[in-house]
Structure formats: structure tokens, C-alpha cells
Amino acid sequence: IRGPWITRELAPTEMVHAIICTVGPAIDEAVSELMSSDLLQALALDGVGSAGVEALAQAVCKQIEDQAAADGKQTTVPFSPGMLDWSVEDGQPAIFGMFSGEKIGVELTTSYLMRPRKSLSMLVGVGGSLGVKGTTCDYCAMQGTCKYREFGGHNVMKADPALTQAHKELH
């Protein structure tokens with residue numbers, strides 16, 4: 001893992017979980033098929049895919065957080081390539097270098113995009129004294145321009161899936 005920001009954030013951790021989540025290629029394929037015949041349905045289905053992979057990622061993070069708490073430890077927020085000063089060019093190969101996304105049907109393109117599109121990659125640190133971790137919004141590169149913050153940020157998103165979709169549409 002390279003970069004001063006991400007290494008500083010993970011330095012106090014004892015362990016780092018590398019995570020790749022996907023809802024698979026079926027939604028991408030269906031969206032592509034619908035684009036020429038029913039754009040509204042295609043966009044709605046695309047939103048369902050985004051919400052699905054986000055819900056999966058949140059469930060994985062919750063499982064890691066619960067296990068850490070049971071062990072008397074804490075977790076960091078999930079860190080994804082592209083956040084603040086951790087470039088996609090550095091982050092994606094680092095995560096995909098830890099294990100093969102191909103085992104779950106996810107590939108990394110030469111331009112560092114994941115296929116299927118409805119996939120997420122992230123790191124979650126675990127440690128005994130991590131201190132206050134804040135929220136994902138505190139680490140987002142779009143802090144100054146994100147309209148979603150007006151709705152309460154990602155903490156509200158967990159309580160209201162409709163806001164998750166609103167966030168995706170704003171970006």
C-alpha cells in the first residue's frame with residue numbers, strides 16, 4: 001500500500017482487510033440491453049445495482065466491525081481507492097495484488113476500472129486503539145462539492161436506502 005495519506009491512516013492498525021464486493025455481471029448486461037429501448041428502466045436498474053453493491057459492502061464492513069468489537073478492537077472507516085490522496089492508480093493494484101478478484105468474477109482493467117461495474121474495493125483496518133474514526137464523508141475527495149451532505153451524509157444513507165440512490169445520482 002503506497003501513499004502518505006493511506007499509510008498514515010492505516011499505520012495504527014494491527015490488521016487490514018482487503019475487500020472486493022460485486023453483485024455480478026447480470027445487472028450490467030441487462031442495463032446495456034435496456035439502454036437503447038427503455039432508458040428510464042435502464043437507469044433505474046443501474047441504481048438498483050449501485051444500491052446492491054453498496055449494501056453488500058456495508059454488510060461486510062458491519063461483519064468486520066462486529067468481530068473486531070467482540071475481540072475488543074475497533075475498525076477504521078472503509079478506505080477506497082480515489083479517496084483524498086489515495087489515487088485509483090495506486091489503490092486498485094494494491095488491493096487486487098493482495099488477492100485475485102477473478103475468484104469472484106471481478107477483473108481490473110488497464111485503466112484501473114473494475115468489471116463488472118457494480119463492484120467496490122476497499123480496505124478496513126482493525127486495531128486496539130484507533131481513536132475516533134469519523135465517517136466516510138470525512139475522507140471523501142468530494143467534501144467541498146458533494147450535494148449529498150445536505151441530506152446528512154453516509155450515516156443517514158444506512159438508515160434510508162432511497163438516500164443511497166440519491167447520493168449515487170448526484171455523483
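User: Which helix holds both D66 and K62?

Analyst: Quick ground rules: this is a predicted model, so local features need pLDDT of at least 70 and side-chain atom pairs count only at pLDDT 80 or more, while totals for chains, interfaces and linings use all residues. Residues are numbered from 1 along each chain as its sequence is written, and side-chain values use heavy atoms, with hydrogens and water left out. D66 and K62 sit 4 residues apart, about one turn of the helix, and the helix they both lie in is α3.

User: What is the N to O distance in the salt bridge between D66 and K62?

Analyst: A salt bridge here is a side-chain nitrogen of Lys or Arg within 4 Å of a carboxyl oxygen of Asp or Glu. D66 is partly exposed at 40% relative accessible area, and K62 is partly exposed too, at 46% (buried is under 20%, exposed over 50%, partly exposed in between, with a 1.4 Å probe and protein chains only). Their side chains meet at an N to O distance of 2.7 Å.

User: How many residues apart in sequence are the parts that K118 and D46 tie together?

Analyst: K118 forms a salt bridge with D46, the closest N and O atoms being 3.0 Å apart. K118 lies in the loop between β4 (114-115) and β5, whereas D46 is in helix α3 (residues 39-70), so the pair ties together parts whose separation in sequence is 72 residues. (Helices, H or I of at least four residues, and strands, E of at least two, are DSSP runs numbered from the N terminus.)

User: Are K118 and D46 buried or exposed?

Analyst: Both belong to a network of salt bridges that also links D28 and R117. As for accessibility, K118 and D46 are both buried.

User: Which residue's side chain makes a polar contact of 2.9 Å with the side chain of S119?

Analyst: S119 is in strand β5 (residues 119-127) and is buried, at 6% relative accessible area. A polar contact is a pair of N or O atoms within 3.5 Å; within protein, one must be able to donate a hydrogen and the other to accept it, and residues adjacent in sequence count only if both atoms are side-chain atoms. A polar atom of the S119 side chain also lies 2.7 Å from the backbone oxygen of P116. The side-chain partner at 2.9 Å is T22.
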